[in-house]
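Me: I'd like to learn how to read strands, sheets and helix packing. Could you walk me through it with an example?

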Amino acid sequence: MEELYHPKKIETAAQQYWTDNDSFKVTEDPGKEKFYCLSMFPYPSGKLHMGHVRNYTIGDVISRYQRMLGKNVLQPMGWDAFGLPAENAAIKNNVPPAKWTYENIAYMKNQLKLLGFGYDWNREVATCKPEYYKWEQWFFTRLYEKGLVYKKMATVNWDPVDETVLANEQVIDGKGWRSGAPVERREIPQWFVKITDYAEQLLTDLDKLEWPEQVKTMQRNWIGRSEGVELTFSLKGSDARIQVYTTRPDTLMGATYIALAPQHPLAEMAAKDSKSLTEFLQECKNNKVAEAEIATMEKRGMDTGLVALHPLSGEEVPVWVANFVLIDYGSGAVMSVPAHDTRDHEFALKFGLPIKQVIAPIDDQDIDVQEEAYTLKGILVNSGEFTGMTSEEAFDAIAEKLTAVDHGYKTINYRLRDWGVSRQRYWGAPIPMLNLEDGSERPVALQDLPVELPEDVEMDGVKSPIKADPEWAKRTVDDQPALQETDTFDTFMESSWYYARYCSPQLDDAMLDKDAANYWLPVDQYVGGIEHAILHLLYARFFHKLMRDEGLVESDEPFKNLLCQGMVIAETYYRNEDGGKKTYYNPNDVRVEMDDKGKITGAMLISDGQPVEIGGKEKMSKSKNNGADPQELIDRYGADTVRLFTMFASPPEQSLEWHDSGVEGMHRFLRRLWKQVHSHFAGGEVPALQPESLGNKQKALRRKTHETIKKVSDDISRRMTFNTAIAAVMELLNNVSRYAVREDQDRAIVHEALENAILLLAPIVPHFCHSLWQEFGHSEPVIDAGWPGFDESALEKDEIEMVVQVNGKLRARVSAAAEATKEDWERLALENPNVAKFTADKKIAKVIVVPGRLINIVAK
């Protein structure tokens, strides 16, 4: 073998071998245990970033390890190819989104191959291909036929100058990104899928999943199951009723006003007779309010002039419009109890509305609800027949009373809302629905699918090409004119079932091959960022249940295990510019200054020698200019070095702090190991290992080898702490490098240690190990070698060393046969000359022997 490590040469050779032999192509094998490992597929933005590299390296290490365990491993890769960035890039570069996307896919695919990821490229999918989204469209029509899809009016961002709908990202400071015109909120018809029908299943099935508890909690909160009461207030002088939902019926007797969303029909009705109310509603509608902003936003409102009647007391309750009530949540009306709700209290104080206490603390503490809302449960006061009840007792009693007077009932509610899947963009899968001339709608028939998106288009940055071209949408159905829907799917639709399509990606007559899908699914290990904890993972779980109910899959959940890798972070450097802007500089362009103790004292830009501000460590990003280019690192150090650093720098679920010096350190380690193996083979033939003839030092190194195998196996399979697995192999190799080879069995023991180190590192640095494995004389590739097992007998110690403490202080070390008794250890400790020195003239009170660890002598 060559004496020096040449990463480019060995990586090219290994990759060529894998390509020539279709090494990662798999098929279903019912006689073999399967393992489906999947990393979240990327958006083809142009180049891989280090977040991609970390995500995909983790998945590849797991896949290769499982393969070495003898399992039938599927690890596919594809492209989440639709989305708004492609449209923006198309406008900027004057190319169609399809061309830009396909060029990016080709470049990024080559980068993935250079990193040595063991993907079955025969299963590659791109969600922008008609053969993929055809079946998504078909499935949508099936959901429509089942009543799980419907159309309703929903609010969007409308640019009145460009006359187009804007995505949230295209609204900058309330104005259109292109026209600069103030953005309006407008209602248009949009398509929804009834995810709420599956809310309870989505909640309860979380208990089946081996996911991080944090992610499960986030989904539980998003689904938001609550037990409460649906009740109605009659509208004075009308047959109309205002419907509200509350989880605190015990506070009902303290309701002093009702707050309506600006879009509520009663608010709009009241505005017909009030110019000022009309203006207020219009102002509210044009201000998009996210649920997260409600707690901190200024509370604004206006009296509608309407009056409701309390369902139990009959008292008059004023009806207001408030900007903090969202039409999308519940009925768009809130029963307001300012004495016992912080938001209602703030609003009541601002507008001089009554604050009536109906809950008192159980412990009789003094409270003043005029000053601050008391939000805890307690004992009812000022509540008529319910006074004196606990909040829990009143919940049931008030619910029963409301039911008796036909004004309410107990119910279970969910925060979750139906999934709006319409997008008014071009670069997405067209929604397969037809609008007929008679006003009816109809799904596109299977024989007419896919509804294909034209790819050779010009983007003007204003209107979607399929909306701008009236001819594209024209159809004929049953001899009557019809218009094809020109909205496209939310891109979460594509990413909600791609994992299943990998099971049969070339199938052209069905969405899934059921046998293949049921062999591979669920995914055994899913790897991705925690930023996808709610939307993507929730929608994928929902989609899987829909496919199950269509008879396409048998399992209830798509992903059995979930690993959320941490971010890749790096130092940031910047200068403040005029107008409050910051210009960021890449760490490679900055020289850091330190004092004689190694403490950072400042930083300067290398190009001009002038100082820059140190901004702290943040997630690698283009905006902060603190990224490392994977391609440059591969070219400089080789893919295996990049992979090794990525896995060694931190546990997978924690943030990885990027250091160029750390990458260089991993490269040095691989060079040393290569030379270590070269030196070993330069010593000539290696004799067969004879464990029964080994001396103590030889046994110690062999024990270290098998202890390392045991630890690394546990670290990877159970704990998934790849960094400690690598550290254990490094420790073993350090022991090998210090071991003096004097006879044949020494060489045999070193050979065993090095050979097993190659196997243990094979999932992490596959090219390096592919090459060295051949040097060890193996004809089969290392990916087909079994994962090493440890020899239990090698772990046994003939002799054990224990520390000896006198009154808690270390005084000696003693050794004895592994089978030595407690009495033997006591005698050895007390006879030790140094121990005798510290116990002379003292009475031995007791001797404590902790087997395998220490002996503590208590002397007085």
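Predicted model: local features only at pLDDT ≥ 70, side-chain atom pairs only at ≥ 80, totals over all residues.

**Reading strands and helices**

Reply: Happy to! Residues are numbered from 1 along each chain as its sequence is written, and side-chain values use heavy atoms, leaving out hydrogens and water.

Me: How many bridges join E21 to E22?

Reply: In general, strands of a sheet pair through backbone hydrogen bonds, either parallel or antiparallel. Here strand E21 (residues 474–477) and strand E22 (residues 480–484) run antiparallel and are joined by four bridges. Strands (E, at least two residues) and helices (H or I, at least four) are DSSP runs numbered from the N terminus, and two strands pair if DSSP finds at least two bridges between them. Two residues lie between the strands of this hairpin, where Asp478 takes a positive phi near 50°.

Me: Which sheet does E21 belong to, and in what order do the strands come?

Reply: The order is E20-E19-E22-E21, an open sheet of four strands with antiparallel pairing. Strand E20 (441–443) and E21 stand at the edges with a single partner strand each, so one side of each has no neighbour in the sheet. From one strand to the next, the twist averages 40°. Three bridges pair E20 with strand E19 (residues 433–436) in the antiparallel sense, and Asn435 has Glu441 in E20 as its bridge partner.

Me: What does a parallel sheet look like here?

Reply: Look for the open sheet E2-E1-E24-E25, whose four strands pair in parallel. Its edges are strand E2 (72–74) and strand E25 (559–565), each with a single partner strand, so one side of each is left without a neighbour in the sheet. Strand E1 (residues 34–39) pairs with E2 over three bridges in the parallel sense; Phe35 has Val73 in E2 as its bridge partner.

Me: At what angle do H1 and H23 pack?

Reply: An angle is taken between N-to-C directions, from 0 to 180 degrees, using axes fitted to C-alpha atoms, for helices over the stretch in contact. Helix H1 (residues 7–20) and helix H23 (residues 766–775) pack at about 85°, with axes 9 Å apart. That makes H1 roughly perpendicular to H23, a label for angles of 65 to 115 degrees. In contact (heavy atoms within 4.5 Å), H1 residues including Ile10 and Trp18 meet H23 residues including Pro766 and Phe768.

Key:
Parallel < 35°, antiparallel > 145°, perpendicular 65-115°, else oblique.
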